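Subject: Structure handover

Hello,

Here is the structure I said I would pass on. My notes come after it.

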Amino acid sequence: MSKINLKKHRKSYERLEQVIGCKWSVSVLEAIRMGINRPGALERSIEGISAKILSERLRKLTAYGLLDKHAFAEVPPRTEYTLTKTGESLVQIISRIQELDKEIEEAQ
């Protein structure tokens, strides 16, 4: 492969690296998959995450098309997040990687 082709190849998975490479993204996706979909509940269920980091992750995961944000016009305002079809696909891949990791650990 030439350098130019390697750059194009790298570009194709850069976004995925930004999602998976973040310490908190997988935890947020997993929590939402388990039905925890409100920011306050997410913050309480993910040990060690701050409100600022959670907010940033939710914004990025929504921008990447992995989450849908639903804002309800209520008092007090309520916001919920759900996985998109792409987000569900990614969570399935992450689950398979976790299974593979467990198989490797048991084989040692």
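Below is what was found, taken by topic. Please keep in mind that this is a predicted model.

Helix 4

Helix 4 covers residues 51-63, 13 residues in total. From first C-alpha to last, helix 4 spans 18 Å, close to the 18 Å expected at 1.5 Å a residue. Its buried residues are L54, R57, L58 and L61. Viewed down the helix axis, these buried residues fall within an arc of 100°, so they line one face of helix 4. K52, R59 and A63, on the other side of the helix, are exposed. After helix 4 comes G65, which has a positive phi, near 85°.

E30 belongs to helix 2, residues 25-33. Is E30 buried or exposed? With a relative accessibility of 13%, E30 counts as buried, because the cut-off for buried is under 20%. Leaving aside residues up to four places away in sequence, E30 touches V91, I94, S95 and Q98.

E30 also forms a salt bridge with R33, and the closest N and O atoms are 3.0 Å apart. Both residues lie in helix 2, three residues apart, which is about one turn of the helix. An α-helix has 3.6 residues a turn, so residues three or four places apart point the same way.

Other salt bridges

How many salt bridges does a search of the whole structure find? The search gives six. E74 is partly exposed, its relative accessible area being 38%. Another salt bridge links the side chains of R96 and E103, at 3.4 Å from N to O. R96 is partly exposed at 42% relative accessibility, and E103 is partly exposed at 41% relative accessible area. Salt bridges that share partners also join E74, R78 and E80 into one network.

Surface patch

Y13, L16 and I20 form a nonpolar patch on the surface. Together the three residues have about 240 Å² of accessible area. Y13 sits in helix 1, residues 3-20, and is partly exposed, with a relative accessible area of 32%.

Regards

Definitions and conventions. Residues are numbered from 1 along each chain as its sequence is written. This is a predicted model: local features need pLDDT of at least 70, side-chain atom pairs count only at pLDDT 80 or more; totals for chains, interfaces and linings use all residues. Side-chain values use heavy atoms; hydrogens and water are left out. Patches are made of residues with over 30% relative accessible area and no salt bridge: like charges are joined within 9 Å, nonpolar side chains (Val, Leu, Ile, Met, Phe, Trp, Tyr) within 5 Å. Accessible areas come from the Shrake-Rupley method with a 1.4 Å probe; for residues, only the protein chains shown count as cover. A salt bridge is a side-chain nitrogen of Lys or Arg within 4 Å of a carboxyl oxygen of Asp or Glu. Helices (H or I, at least four residues) and strands (E, at least two) are DSSP runs, numbered from the N terminus. Buried means under 20% relative accessible area, exposed over 50%, partly exposed in between (1.4 Å probe, protein chains only). The expected span of a helix is 1.5 Å times one less than its number of residues. The arc is that of the directions from the helix axis to the C-beta atoms. Contact means heavy atoms within 4.5 Å.
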